Amino acid sequence: MPEYNVGILGATGAVGQKFIRLLQNHPWFKIAALGASSRSAGKSYAEAANWIESAELPSSVADIVVKECTAKNFSDVDFVFSGLDASVAGDIELAFATAGIPVISNAKNFRTDPTVPLLIPEVNPDHIQLIDTQTFTKDRSGWIVTNPNCVAVPLTTSLKPLHDHYGIKSVILTSMQAISGAGYPGVPSLDILGNVIPHIGGEESKIHAEPLKLLGTLINGKLTHASFPVQATATRVPVINGHMLSVTVELENKPASEDEVIERYKNWVSPIKELDLPSAPDFPIYYHNSPFYPQPRLHADSEQGMRTSVGKMRKSNVLDLSYIAMAHNTVRGAAGGAILNAELLVRKEYL
Ligand code: NAP
């Protein structure tokens with residue numbers, strides 16, 4: 001495999017740090033440049049970043065001088081990962097794509113753009129063809145791909161087998177979201193310790209919309225979104241990593257039993273299995289038999305944090321099925337998901 005030089009925008013933040021950790025020893029991608037705000041630019045990475053990962057800050061990046069996020073500063077990279085704050089991601093990512101540098105982003109800004117793939121490789125790998133409809137540059141060298149909100153990832157991944165086999169009529173969920181989802185320094189400790197906060201600004205509208213784009217159908221370059229209603233209640237809980245969801249689903253066609261549905265999860269085969277991507281988990285969906293599982297502390301790191309864990313499948317007294325889903329928010333829901341997106345784009349020769 002050729003080696004790709006990659007840049008990381010927002011490298012000092014919670015997601016940026018996860019990129020740095022996950023890209024250590026990556027077989028295809030080598031970190032060549034790091035960017036953040038003018039507060040960090042000009043400093044060494046070790047000086048600029050308040051390192052919050054449990055593994056030590058890798059010596060290979062400690063002395064890299066952080067740059068301002070301009071396309072000129074990143075002209076030597078093959079593409080960039082973006083973990084930029086949403087307040088600045090829109091303008092900066094647009095400038096990079098327009099300058100011919102592909103952007104693989106975590107930020108929300110381009111997720112709803114009809115030409116930009118919102119991608120979970122195991123759910124909608126075919127949507128990468130939307131790149132061909134982008135016009136950021138005349139020669140199509142600059143493009144943008146996004147990954148979904150960190151709740152939309154376990155939600156949509158766990159809905160995918162249900163959507164394919166039974167059709168979905170409606171979804172109601174409550175998310176219990178980890179503190180690391182708010183970035184660094186995030187939620188004040190006095191607000192979150194021993195507490196649950198019943199609101200996360202802007203979160204619920206993303207959870208309502210993104211699964212519909214992800215489960216949409218692409219025909220002749222045109223994406224038709226799925227059309228079922230989603231009702232979400234997003235809460236912040238005192239957990240470090242791992243967003244857990246309590247989901248209730250109404251289906252178009254009724255399964256014979258919960259056991260039938262559990263078997264579908266257990267036998268589900270990822271559409272990218274044969275591609276042998278370095279960061280792809282063996283079990284993108286893993287069904288736990290114990291009603292006490294999944295738990296964020298026990299299972300968020302399973303398969304390097306790339307798994308969506310599902311459990312407690314039962315018949316709903318109100319709609320059809322209720323279950324629990326959980327995934328690591330800064331890995332599967334952010335940096336790890338973006339790296340897997342890049343790996344898919346390499347295999348499909350967009351990179
Ligand atoms: P964060 O910890 O607050 O980090 C934000 C990053 O953006 C920092 O590197 C910061 O650099 C940089 N930045 C801020 N203002 C900038 C500017 N004017 N110019 C250039 N860089 C600037 O946030 P995070 O949690 O890592 O989230 C990053 C992005 O990923 C957000 O869009 C978020 O919504 C999304 N996301 C996060 C999660 C999660 O679980 N945390 C999951 C999915 C998606 P300085 O250090 O120099 O200020």
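One term first: a polar contact here is a pair of N or O atoms within 3.5 Å. Keep in mind as well that this is a predicted model.

Now to Asn329. An N or O atom in the side chain of Asn329 is 3.1 Å from an oxygen atom of the ligand. Thr12 also uses its side chain: one of its polar atoms lies 2.6 Å from a ligand oxygen atom. With Val15 the backbone takes that part, through an N or O atom 2.8 Å from an oxygen atom of the ligand. As for cover, the ligand has 910 Å² of accessible area on its own, and the protein covers 82% of that.

Next, the surroundings as a whole. There are 28 residues around the ligand, and those that come nearest are Thr12, Ser37, Arg39, Ser40 and Leu84. By type, the shell has 13 nonpolar residues, 13 polar residues and two charged ones. The space that the ligand takes is the largest pocket.

Which helices supply at least two residues of the shell? They are H1, residues 14–23, H4, residues 86–98, and H11, residues 331–347. Of these, H4 gives the most, with three residues.

Terms used
Residues are numbered from 1 along each chain as its sequence is written. This is a predicted model: local features need pLDDT of at least 70, side-chain atom pairs count only at pLDDT 80 or more; totals for chains, interfaces and linings use all residues. Side-chain values use heavy atoms; hydrogens and water are left out. A residue is near a molecule or strand if one of its heavy atoms lies within 4 Å of it. A polar contact is a pair of N or O atoms within 3.5 Å; within protein, one must be able to donate a hydrogen and the other to accept it, and residues adjacent in sequence count only if both atoms are side-chain atoms. Accessible areas come from the Shrake-Rupley method with a 1.4 Å probe; for residues, only the protein chains shown count as cover. On a 1 Å grid over the protein atoms alone, a cavity is a set of points where a 1.4 Å probe fits but cannot get out, and a pocket is an open set with protein on both sides within 12 Å along at least five of seven lines; lining residues have an atom within 4 Å of a point. A molecule sits in a cavity or pocket if more than half of its atoms lie within 2 Å of its grid points. Helices (H or I, at least four residues) and strands (E, at least two) are DSSP runs, numbered from the N terminus. Ala, Val, Leu, Ile, Met, Phe, Trp, Tyr, Cys and Pro count as nonpolar, Asp, Glu, Lys and Arg as charged, and the others, Gly among them, as polar.
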